[in-house]
Amino acid sequence: MIVVIGAGVAGLEAALALARHGIESLLVERSARAGGRAATYSCKALEEECQACGACLAGQKLAEVLECPLVRLRLHTEVQSAERAEGGFRVRLRQGDSQEEVLAQGVIVTVGFTPVFPARRGEFGYGHLAGVITALEAEAILQDTPEAFAPGAQVAFVQCAGSRDPAAGIPYCSRACCLYVPKLARLLAAVSGAQADVYFMDRQSYPPVYRDGNQGLRYLRGMPSRVFPLADGRLEIRCAGPGGDQPRPRAYDWVVLCPAMTPAAGGAELGRWLGLGTDARGFLLPRADSGAPAMAAGACTGPVTILESVASARAAAAEMACRLAPGSPSRPHRASSPRHSGPDPQFRLDAGPGEC
Ligand SMILES: Cc1cc2nc3c(=O)[nH]c(=O)nc-3n(C[C@H](O)[C@H](O)[C@H](O)COP(=O)(O)OP(=O)(O)OC[C@H]3O[C@@H](n4cnc5c(N)ncnc54)[C@H](O)[C@@H]3O)c2cc1C
Ligand code: SF4
Ligand code: SF4
């Protein structure tokens, strides 16, 4: 039995991939619901055409987990400690007031990331100017009160707002924003008729995203230095172009900032218990140096998109299965009589067990 810690898309996929190898898992999620961040994002389909944002994978994988007899999902549950025992780990879990100890043959950590709100929040007015929000808050508004984006609203997206800022201690790129901003901005435009400008410094290359040009969005290269409140309640951005030309003021109703994806809170401590190190940014390394059966996958190993998170979870599960296969020092328990005949054939097509 393998313990998988964190039931976002990575944890759900790790548990499902282990099941495809015939391995049981206990999937531990500390919050009240599984699916992680992806489960909170809107579908970005436009006129019923899928925009390949990946958000629906959270719901799909959760539905498969709930059907899978080899995966036990525990919500509201946290790992209190873990230590090496009998070739694997003794893991102590806490669910409310009750505690439990399980002996696992391996552990896969998929605790995801912590969004850090813009370091330059002072200059951008985040937290004190109405209308300055993060992309996560824009997602929540779109789901709960989309009418808040009035018809014809002018919206500025500021990419890299929380990332690529050595002075703020986040010198690295968060990788997913160049993918989600155009999809989110176009959905917003479709829902409310908003006109969106996107301030950017560079664009990560996701060819399918930009294949059809800018798709009604206006891209402005440069990092705004400040957001100014205007007398009519709107927000003014002044941004010099790449050549350092005179900043040109533009007025908006909303300014949407992209948060940085930083290491999950508590991830490093879990890593220490399991022998998983961290990289220079504080993200977990994907496997233990000591050869202990501990692995990490998804956004707790670095900023990734949903599809990348799923792919890394699948790879971690395949590697775990190989390590624990016959001939290896410890072997996982394989359930003798699964309640169903195997995974969905569609799933088998794109996600067969990895080669050992
Ligand atoms: C604003 C924004 C929009 C984005 N939009 C997109 C998009 O459209 N498309 C895309 O491909 N990517 C997008 N991303 C990136 C995407 O969110 C990540 O790729 C994805 O969520 C990573 O999944 P994960 O399972 O690794 O982590 P998470 O989604 O963070 O899930 C981790 C899970 O682990 C749980 N957990 C944490 N610590 C513990 C613990 N100690 N014990 C038990 N459980 C724990 C958490 O509660 C959570 O359920 C976006 C990112 C941001 C910031
Ligand atoms: S991938 Fe995204 S846009 Fe496509 S159906 Fe799923 S949630 Fe909707
Ligand atoms: S993914 Fe794009 S917007 Fe996000 S930090 Fe990297 S370059 Fe900036």
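## Strand β16

Strand β16 spans residues 254-257 and is covered on both faces. Trp-254 and Val-256 are buried on one side, Val-255 and Leu-257 on the other. A residue is buried if 20 or more other C-beta atoms, placed from the backbone, lie within 10 Å of its own. Strands (E, at least two residues) and helices (H or I, at least four) are DSSP runs, numbered from the N terminus.

This is a predicted model: local features need pLDDT of at least 70, side-chain atom pairs count only at pLDDT 80 or more, and totals for chains, interfaces and linings use all residues. Residues are numbered from 1 along each chain as its sequence is written, while chains are lettered from A and ligands numbered from 1 in the order in which they are written.

## Partners of β16

Strands pair if DSSP finds at least two bridges between them. Strand β9 (residues 132-134) pairs with β16 in the parallel sense, over three bridges. Here Thr-134 stands opposite Leu-257.

Strand β10 (residues 154-158) also runs parallel to β16, joined by four bridges. Phe-157 stands opposite Val-256.

## Helix α4

Helix α4 covers residues 135-144, and its buried residues are Ala-135, Ala-138 and Glu-139. They lie on the same side of α4 because they cover an arc of only 105° around the axis. The arc is that of the directions from the helix axis to the C-beta atoms. An α-helix has 3.6 residues a turn, so residues three or four places apart point the same way.

The buried residues of α4 pack against β9, α5 (177-192) and β16. Contact requires C-beta atoms, placed from the backbone, within 7 Å.

Definitions and conventions: A residue is buried if 20 or more other C-beta atoms lie within 10 Å of its own, exposed if 12 or fewer, and partly exposed in between; C-beta atoms are placed from the backbone. Two residues are in contact if their C-beta atoms, placed from the backbone, lie within 7 Å.
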